[in-house]
Number of protein chains: 2
Amino acid sequence: MSVLIKTIARELNVSTASVSRALNDQPGVSEALRARILEKAGELNYTPHAAARGLATSQSFAIGFFVRQKPDLSAHNDPFYSEIMHGVEQALAQSDYHLTVGNLTDDIVGSPADFRFIRERRIDAMILAGPDIPSDFILAMLGSGRPIVLVDNALAFSPIHAVNCDDEGGAYLAAQHFLALGHTRIGVIAGPEGWASNRRRIQGYQRALDEAGLPLAVTHSDRTTIESGQSAYMQLMTQTPDLTAIGAVNDSMALGAMRAAQSAGRRVPADLSVVGFDNIAWAPLNDPPLTTLDVPKRQMGTEAAHRLLGLLNNAANGVLPTNLTVAVSLIERGSTARVERG
Amino acid sequence: MSVLIKTIARELNVSTASVSRALNDQPGVSEALRARILEKAGELNYTPHAAARGLATSQSFAIGFFVRQKPDLSAHNDPFYSEIMHGVEQALAQSDYHLTVGNLTDDIVGSPADFRFIRERRIDAMILAGPDIPSDFILAMLGSGRPIVLVDNALAFSPIHAVNCDDEGGAYLAAQHFLALGHTRIGVIAGPEGWASNRRRIQGYQRALDEAGLPLAVTHSDRTTIESGQSAYMQLMTQTPDLTAIGAVNDSMALGAMRAAQSAGRRVPADLSVVGFDNIAWAPLNDPPLTTLDVPKRQMGTEAAHRLLGLLNNAANGVLPTNLTVAVSLIERGSTARVERG
DNA sequence: ATCTTTAACGCAAGCGTTTACGAAAAACTT
DNA sequence: AAGTTTTTCGTAAACGCTTGCGTTAAAGAT
């Protein structure tokens, strides 16, 4: 019926042990035998049985990609994590591992102890994505001993592998862009103060303006949706009506702010420049197309996967946790312009 | 160390066979024993070892979600399949199965014979998503004997389970909407003639206009992007300049057409009504917000998953292939209006 | 030519389940 | 009360692979 290791062994009159060793490039087989085995395996079109191998080695050769979707995020329904996942999948395609996915629901983060993927040993390692994963949960997962890398998240106190984008640097870039266009009265629209990425993005703006000796007006909102962008705009403008440039902490808020400005009679970019963050899919489709910061989601995925594979190979000698931040780049489009003189 | 079936057996002084039977609700254990075993299992926090179980039963308890991304589709970068995947994942969360994902690259569809997920028995069943999967490949997968359901695809000649949206009905709805608004000169912008869903959508428009005794102008394009929407608009308008309503075969093309119309000085919806198809994420964000047909992606995913689970359970008595088409609904937004009189 | 080291290979015992099959006990027959 | 059926449970053999250990053969050292 199906061709097993013992099929090859029988046909070649060798032991299954030798076949196994040959197939896995392990020492203990002469080159001559190895060659014969490999050839026969190809000829018979042999494929290892994943479960059997898994049972013997207590590995699953599966990597879990688990994301925690904020309700907010599904609102601006952005293929952010999908893109990252594609990156992961792409990187894994070269390897022996395959990808299994899951959603970190409230139930799961609530009681990490019965996270089935771990308990049933269905994965060898995992990627945890999303800013809203409780650190308790992360620590619990860490306790399972499996390699983990965080994406779009990080632990403040405990060392762990993580890949994030350069929030601070990106925001700094945006601020520089404003300054280069001659803006001097600049504001930023942000989400909840608690989110780390939010804070870093604000800091980026702050640093640039500090360097230029200019003030920065900041408004917080409790969400990061289009609607909250609109209301944040109102609030910001009543405080500091003379702003000529607004940076938002993400594209949704930027879009909201733009809309609010437009319906208040201000033209973008003639009267007001605005830049977003993330470069979500419809940023270029807006009217005017949104200037924003592109975060290389795909690359973040492949980076995370490569790190994981590295950990899996050197599982013995613990690689020390690295915190990778990938660079973001400014995409100049139609929503920013040189400030009107006067 | 870790708690196994034999741990429970030893503690209770019974055989591992009984424990296994009790845990899987199989006959052959008295209710009394079953209860004791279940209790002890809970107490010890026992979890089955997936690989071992898989080896014994030759099942993996994994379901594959494989999508073929058209280059086109990644262009309008729409979380279409991600949404479907979420639906699948959600439905599977209740079951014993978990989800593993993969991309159907050219390599894979090119040589189905070495699709590792199948060969290494890593999955019990699969969902194949995307209109561009060659039927050769689908047939090859079918040959593996595993349950399969197609999403956003269907085989013309061979019976197979599939879930699609009601392309024809949706288009009919859109046409009705135009008619109700008083439009009489209506056109449609479509992609490649070869695509089945394209054809069905055109047919929907056609049927409604036939019933109303009105003509329908159709333009094809070789892609379905924003750009091709723009050029298709030009083409359509040179042929039939007096159109007051345009239906597009998807939202990207609709947006392209709208943009082209606007830059040609026509106001939407005052001078021209347009409706899309799919209700992609940025449809409501456009200016004006795009009237379109919402296809319930999430639901398509859960339906597909439920079908698969059904097949998995009745694997013995072959369920006859069903072709489910889910209803789409018209979302009226700002891009359509009553035709100007005169 | 003998002794020691090293490499090549086979044997067999796992890995943690499930599941025929058979034995013993319990439940019905008449 | 003895035979028959049914239920309950245990024994042991898979499932397909990996790997520690022992044996034999090859190679090196003296």
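So, helix H11 of chain B, residues 196-212, lies across strands E6, E7 and E8 of chain B, running at about 175° to E6(B). Helices (H or I, at least four residues) and strands (E, at least two) are DSSP runs, numbered from the N terminus. Axes are lines fitted to C-alpha atoms, for helices over the stretch in contact, and angles run from 0 to 180 degrees between N-to-C directions.

Quick caveat: this is a predicted model, where local features need pLDDT of at least 70 and side-chain atom pairs count only at pLDDT 80 or more, while totals for chains, interfaces and linings use all residues. Residues are numbered from 1 along each chain as its sequence is written, and chains are lettered from A and ligands numbered from 1 in the order in which they are written.

Okay, the sheet. It's open, parallel, and ordered E7-E6-E8-E9 in chain B; two strands pair if DSSP finds at least two bridges between them. E7 (216-220) and E9 (273-275) of chain B sit at the edges with a single partner strand each, so one side of each has no neighbour in the sheet. Neighbouring strands are turned by 20° against each other on average, direction ignored. Helix H10 of chain B, residues 167-180, packs on this sheet too, touching E6, E8 (245-248) and E9 of chain B, at about 170° to E8(B). Contact there means C-beta atoms, placed from the backbone, within 7 Å.

Zooming in, E6 (186-190) and E7 of chain B pair over five parallel bridges, with B:Gly187 opposite B:Ala217.

Note on methods:
Two residues are in contact if their C-beta atoms, placed from the backbone, lie within 7 Å.
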